[in-house]
Amino acid sequence: MCIFAMMKEKNNLEYGVLFDLDGVLLDTEDIYTQFWEEIDHRYPTGIVDFARVIKGSNLHEILHKSFHDVTTRLQVTELLEEFQRGMRYNFFDGAIEFVQTLYEQGIPAVIVTSSDDRKMNVVYAQHPHFKALFSAIITGDMVSKAKPDPECFLLGAKKIGRNIENCFVFEDSINGLRAAQASGATVIGLSTTNTAEQIAPYSDVVIGGFRGFTVAQMLSTQRID
């Protein structure tokens, strides 16, 4: 059983923080839900609650599991790219301030997202100072196994030279939370996409958002097995 305790004195540089992007830092999940619901209406998948089932999956996995026709895959990809080019990527209240505090305290942060590089370039264009706050950025193009496999989080920890047990993962989707849990990190679930009750089984701590949540509170949640 996990016991939560205040941290012993430890250098901040021993820790790392891994962030999912959409639904964690970016307030975009409702927009993506609408997009994928429209895609499912246009190209019926037969998957119940398709737009929510796929959350946390990368595009390659979505296309190959849900659309068996090659032409359909190409059309869906083109529609998604066009949609993402026109999106506004707005941050949740307090999210960037939290990341900025980590940066100032010398705790390396990593983006671990299922998004591809093309989408990320649009994010960087809209927020020129965003990328500099992170020590590494892991995209869906960089891993062979999508969430709920923990590969992406293990790679994120490796990129910053941290033991995964000393990392904190912020996630919102069920697939993402399962991946974080499997990695061995301390998992902080955000109830931005699913309810607190739905994500509690996959999280060490559940928060509603970053407003009022401090780095000290994050550090106090590290698991001791």
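Modeller: Charge comes first. The protein chain carries 20 positive and 30 negative charges, and their mean positions are 5 Å apart. Lys and Arg count as positive, Asp and Glu as negative; His and the chain ends are not counted. Each charge is placed at NZ of Lys, CZ of Arg, CG of Asp or CD of Glu. This is a predicted model: local features need pLDDT of at least 70, side-chain atom pairs count only at pLDDT 80 or more, and totals for chains, interfaces and linings use all residues. Residues are numbered from 1 along each chain as its sequence is written, and side-chain values use heavy atoms, with hydrogens and water left out.

Next, the overall fold. The protein chain has 10 helices and eight strands. These are DSSP runs numbered from the N terminus: helices are H or I with at least four residues, strands are E with at least two. For 225 residues, a compact globule would have a radius of gyration near 17 Å, and the protein chain agrees at 17 Å. That radius is taken over C-alpha atoms; the globule rule is 2.2 Å times the number of residues to the power 0.38. Buried residues make up 53% of the 225. Buried means under 20% relative accessible area, exposed over 50%, and partly exposed in between, with a 1.4 Å probe and protein chains only. Take contacts between residues at least 6 apart in sequence: 68% of them join residues at least 24 apart. Contact means heavy atoms within 4.5 Å.

Now the rings. Phe, Tyr and Trp rings (for Trp, the six-membered ring) pair if their centres lie within 6.5 Å; planes under 30 degrees apart are stacked, over 60 edge-to-face, and the rest tilted. The count comes to 17 aromatic pairs. One of them joins Phe 170 and Phe 213: the ring centres are 6.2 Å apart and the planes meet at 80°, so the pair is edge-to-face. Phe 170 sits in strand 5 (residues 167-171), whereas Phe 213 sits in the loop between strand 7 (205-207) and helix 10 (215-219), so the pair ties together parts 43 residues apart in sequence. Phe 170 is buried at 0% relative accessibility. Phe 213 also counts as buried, at 13%.

Then the surroundings in sequence. Asn 175 is in helix 8 (residues 174-183). Asn 175 is buried, at 14% relative accessibility. Beyond its neighbours within four places in sequence, Asn 175 contacts Val 53, Lys 55, Gly 56, Ser 57, Lys 147 and Pro 148. The peptide bond from Lys 147 to Pro 148 is cis, with omega near 20°. Pro 148 lies in the loop between strand 4 (136-138) and helix 7 (151-159).

Ile 199 lies in helix 9 (residues 196-199). Its relative accessible area is 0%, so Ile 199 is buried. Apart from neighbours within four places in sequence, its contacts include Asp 172, Ile 174, Leu 177 and Val 206.
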